[in-house]
Number of protein chains: 2
Amino acid sequence: MDYAHRLEGERRVRLDDFDPGETAGLKRREAEKKTAQLIEELIELQELLYAVGLQSVLIVLQGRDTSGKDGTIRHVTGPLNSQSCSVASFKVPTEEELAHDFLWRVHAQTPLAGHIKIFNRSHYEDVLVARVHKLVPEKIWRRRYEHINAFEELQADSPTVILKFYLHISKDEQEQRLLKREQDPVKSWKLSVGDWQERGYWDDYTEAYEDALARCSTKHAPWFIVPADKKWFRNLAVAQTVRDALMPLREGWLNKLEEVGRERKQTIDEYRRSRSHSG
Amino acid sequence: MDYAHRLEGERRVRLDDFDPGETAGLKRREAEKKTAQLIEELIELQELLYAVGLQSVLIVLQGRDTSGKDGTIRHVTGPLNSQSCSVASFKVPTEEELAHDFLWRVHAQTPLAGHIKIFNRSHYEDVLVARVHKLVPEKIWRRRYEHINAFEELQADSPTVILKFYLHISKDEQEQRLLKREQDPVKSWKLSVGDWQERGYWDDYTEAYEDALARCSTKHAPWFIVPADKKWFRNLAVAQTVRDALMPLREGWLNKLEEVGRERKQTIDEYRRSRSHSG
């Protein structure tokens with residue numbers, strides 16, 4: 001069974017239809033074991049992706065404050081080889097970034113062939129925070145869905161496997177996490193009065209997310225809703241989705257590598273023969 | 001009258017329908033005088049564009065070898081203030097550029113708000129040389145027209161004024177220029193056997209250009225066919241087109257600057273008053 005909910009071509013999305021606390025009947029221990037196994041498989045898949053070097057993977061992580069974007073990166077993609085896997089975090093845009101179209105800074109960060117790139121927040125902020133806080137007029141952000149779809153289609157054609165995750169937490173769970181953060185001296189650097197202020201816009205964000213999920217769920221760049229109240233279930237759901245998306249490519253990659261290996265061996269054999277003749 | 005031929009929404013373009021030697025009945029001296037006047041106006045328009053800082057200008061120069069891309073840059077945009085006007089030249093892609101989608105390196109070079117950017121060759125090479133020399137399969141380059149249109153629409157929305165010029169020379173004129181280049185010791189560094197080889201693909205390039213001009217002529221990013229056998233007429237046609245595209249924006253820019261100036265003056269007046277009271 002699929003632990004995350006794939007969206008593709010939906011006309012309307014209601015976040016209320018998805019339970020943030022879902023665990024698919026799994027216990028924590030069991031889920032963590034499964035996750036560890038999936039990550040082992042991911043490590044092998046990453047190696048093949050890199051060796052073949054023809055495709056890329058782009059993982060987009062979105063979610064409200066405390067929904068676990070950093071935690072997902074640490075637990076799921078952290079164990080991958082950082083030579084070909086890296087993270088791009090999109091914060092408040094700089095002046096130079098604002099003096100370009102909204103996809104300029106995002107395009108610059110797209111993965112090299114053979115690499116995996118994780119976007120911690122992304123171009124979707126430009127139809128989320130920009131919409132909720134009216135940073136640009138509606139006329140502007142309305143046109144962005146179309147620009148996003150065209151941009152993601154360009155990436156998919158590169159070719160890049162695009163997987164977009166909405167980490168779905170409940171309002172109660174967010175409150176718990178914000179309160180807990182206040183008590184944890186190590187995590188307190190993450191504290192900001194802005195987090196509590198943003199919480200006041202909960203429903204506006206819900207609406208903005210529902211629109212983004214519906215308008216930008218395409219075959220080549222699907223969204224996945226990840227139940228994220230339980231961190232261990234969230235990790236499992238993300239790991240499984242990435243593994244399942246790459247696994248069908250594995251055989252092609254292996255064949256390609258074998259083919260390349262055969263050619264190289266032939267070249268080396270010919271070289272050896274030519275030396276033994278001339279020598 | 002318009003010296004360059006604007007294309008917008010054409011379904012089919014035939015280069016043979018346009019005379020590369022056209023001069024609109026002008027003599028060289030007369031044309032050069034007009035061009036100088038237009039450049040004066042462009043210099044003022046550039047200053048306003050920069051001062052307001054809300055829009056950008058993107059000038060795309062395409063054309064066969066020796067068609068005068070460098071000359072156009074030197075004569076028409078050379079006199080502009082280089083603080084807010086620069087050139088991006090797109091040569092054979094590097095390995096890093098090839099490991100991304102074809103628009104990656106182009107997007108990185110789009111103009112800052114308030115600036116003018118000239119593309120000396122551009123993303124169109126990916127449907128010209130890439131097509132003629134079969135650098136990628138047809139299935140790939142066919143999809144690129146759509147990607148280009150979406151990308152240019154994104155720029156237009158930024159907002160950026162996009163003007164694309166095809167410098168149209170005849171096959172005879174190209175031969176003259178290649179031969180002349182061989183005799184000129186200062187220009188001989190530009191010589192390449194590749195130029196003569198490319199000439200062998202004249203008709204293939206014609207077909208590729210005709211397709212690109214037809215498929216990517218849009219309202220927000222029109223193509224202009226510039227008669228380019230006479231360098232002085234080419235310069236006039238480009239200068240006029242850029243000036244005519246920006247002139248309608250002039251009044252809005254002036255109003256905007258006046259408004260900003262009024263606000264600043266008010267702030268300064270208030271500051272003066274507050275000091276005279278407290279003093």
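Me: Helices are DSSP runs of at least four residues and strands runs of at least two, numbered from the N terminus. On that basis, where does B:Arg121 lie in chain B?

Reply: In this predicted model, B:Arg121 is in the loop between E4 and helix H5 (129–132) of chain B.

Me: Why is B:Arg121 called partly exposed?

Reply: Its relative accessibility is 23%. Buried means under 20% and exposed over 50%, with partly exposed in between; B:Arg121 therefore counts as partly exposed.

Me: What is noted about the phi of B:Arg121?

Reply: The phi of B:Arg121 is positive, at about 65°, although the residue is not a glycine. Most residues other than glycine have a negative phi.

Me: Which value of phi does B:Ala24 have, and why is that residue called partly exposed?

Reply: B:Ala24 has a phi near 55°, a positive value in a residue other than glycine. B:Ala24 is placed in the loop between strand E1 (5–7) and helix H1 (28–52) of chain B. Its relative accessibility is 28%, and partly exposed covers what falls between buried, under 20%, and exposed, over 50%; B:Ala24 is therefore partly exposed.

Me: What makes A:Thr110 a buried residue?

Reply: A:Thr110 has 3% relative accessibility. The cut-off for buried is under 20%, so A:Thr110 counts as buried. Its place is the loop between helix H4 (104–107) and strand E4 (116–120) of chain A.

Me: Which residues are in contact with A:Thr110, leaving aside its neighbours within four places in sequence?

Reply: In chain A they are A:Phe119, A:Phe151 and A:Gln155, and in chain B they are B:His100, B:Asp101 and B:Trp104. Each of these has heavy atoms within 4.5 Å of A:Thr110.

Me: What makes the approach of the A:Thr110 side chain to the backbone oxygen of A:His107 a polar contact?

Reply: The separation is 2.8 Å. A polar contact requires a pair of N or O atoms within 3.5 Å, one able to donate a hydrogen and the other to accept it, so this pair qualifies.

Me: How far apart are B:His115 and B:Ser84 in sequence and in space?

Reply: B:His115 and B:Ser84 are 31 residues apart in sequence and 4.7 Å apart in space, C-alpha to C-alpha. B:Ser84 is one of the residues in contact with B:His115, which also include B:Leu49, B:Tyr50 and B:Val57.

Me: What kind of peptide bond joins A:Ser158 and A:Pro159?

Reply: A cis peptide bond joins them, with omega about 5°. A:Pro159 is found in the loop between helix H6 (138–156) and strand E5 (160–168) of chain A. In chain B, B:Ser158 and B:Pro159 are likewise joined by a cis peptide bond, with omega about 5°. Most peptide bonds are trans.

Me: What is the predictor's confidence in chain A and in the complex?

Reply: Chain A averages a pLDDT of 95, and 99% of the residues score at least 70. For the complex, the predictor gives an ipTM of 0.89 and a pTM of 0.92.

Key. Residues numbered from 1 in each chain as written. Chains lettered and ligands numbered in written order. Predicted model: local features only at pLDDT ≥ 70, side-chain atom pairs only at ≥ 80, totals over all residues. Heavy atoms only, no water. pLDDT = per-residue confidence, 0-100. Buried < 20%, exposed > 50% of the residue type's maximum accessible area, 1.4 Å probe, protein only.
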